[in-house]
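Reader: I would like to go through this structure term by term. Please set each value against its cut-off.

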Amino acid sequence: MGLEEEQHICAICQQEITGGAMRTKNRIYCEDSCFNCSACQRSLKNVSVFTKDDNLYCEEHYKAKFVPKCAQCNDYITEVRN
């Protein structure tokens, strides 16, 4: 089976993708119906995409769930300096 003939199965709905598809972390998704933040359902087509435990997140919800905040300024800690 050639690459053009390969079936693409969505990682979310497990259905064959017949329209547009998006790919991240070696998984593919239905562009219009499944490529959404798992916290807020916002479309991720035109924003940064974050993944954790096979779930997709927009930047806002990824940070809120997984990035620690500074105890003093309450901003997200995105890098650690020595």
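This is a predicted model: local features need pLDDT of at least 70, side-chain atom pairs count only at pLDDT 80 or more; totals for chains, interfaces and linings use all residues.

Reader: What makes K69 count as lying over the face of Y76?

Author: A charge sits over a ring if NZ of Lys or CZ of Arg is within 6 Å of the ring centre and within 35 degrees of the ring normal. K69 is 4.9 Å from the ring centre of Y76 and lies over its face.

Reader: Why is the pair Y57 and F66 called edge-to-face?

Author: Rings of Phe, Tyr and Trp (its six-membered ring) pair if their centres lie within 6.5 Å; planes under 30 degrees apart are stacked, over 60 edge-to-face, the rest tilted. The count by this rule is 5 aromatic pairs. In one of them, Y57 and F66, the centres are 5.4 Å apart and the planes are at 75 degrees, so the pair is edge-to-face.

Reader: What makes the pair Y62 and F66 tilted?

Author: The angle between the planes is 50 degrees, with 5.3 Å centre to centre. That angle falls in neither the stacked nor the edge-to-face range. Both residues lie in helix α1 (residues 59-66), 4 residues apart, about one turn of the helix. Ring pairs also link F50, Y57, Y62 and F66 into a cluster.

Reader: Is Y57 buried or exposed, and what about F66?

Author: Buried means under 20% relative accessible area, exposed over 50%, partly exposed in between (1.4 Å probe, protein chains only). Y57 has 7%, so it is buried. F66 has 32%, so it is partly exposed.

Reader: Why is T24 called buried?

Author: Its relative accessible area is 17%, so T24 is buried. T24 is found in strand β1 (residues 21-24). Strands here are DSSP runs of E, at least two residues; helices are runs of H or I, at least four; both are numbered from the N terminus. Contact means heavy atoms within 4.5 Å. Not counting residues up to four places away in sequence, T24 touches Y29, F35, V49, T51 and L56.

Reader: Which residues touch the most other members of the largest nonpolar core?

Author: A nonpolar core is a set of buried Ala, Val, Leu, Ile, Met, Phe, Trp, Tyr and Cys residues joined through side-chain atoms within 4.5 Å. The largest one has 13 residues, and C10, Y29 and L44 touch the most other members. Two or more residues each come from β2 (27-30) and β4 (55-57). The largest share, 3 residues, comes from β2. Beyond neighbours within four places in sequence, L44 is in contact with F35, N36, C37, V49, L56, Y57 and C58.

Reader: How does the radius of gyration of the chain stand against the globule rule?

Author: The radius is taken over C-alpha atoms, and the rule is 2.2 Å times the number of residues to the power 0.38. A compact globule of 82 residues would come near 12 Å, but the protein chain has 16 Å. Its C-alpha trace spans about 55 × 30 × 20 Å along its principal axes.

Conventions: Residues are numbered from 1 along each chain as its sequence is written. Side-chain values use heavy atoms; hydrogens and water are left out.
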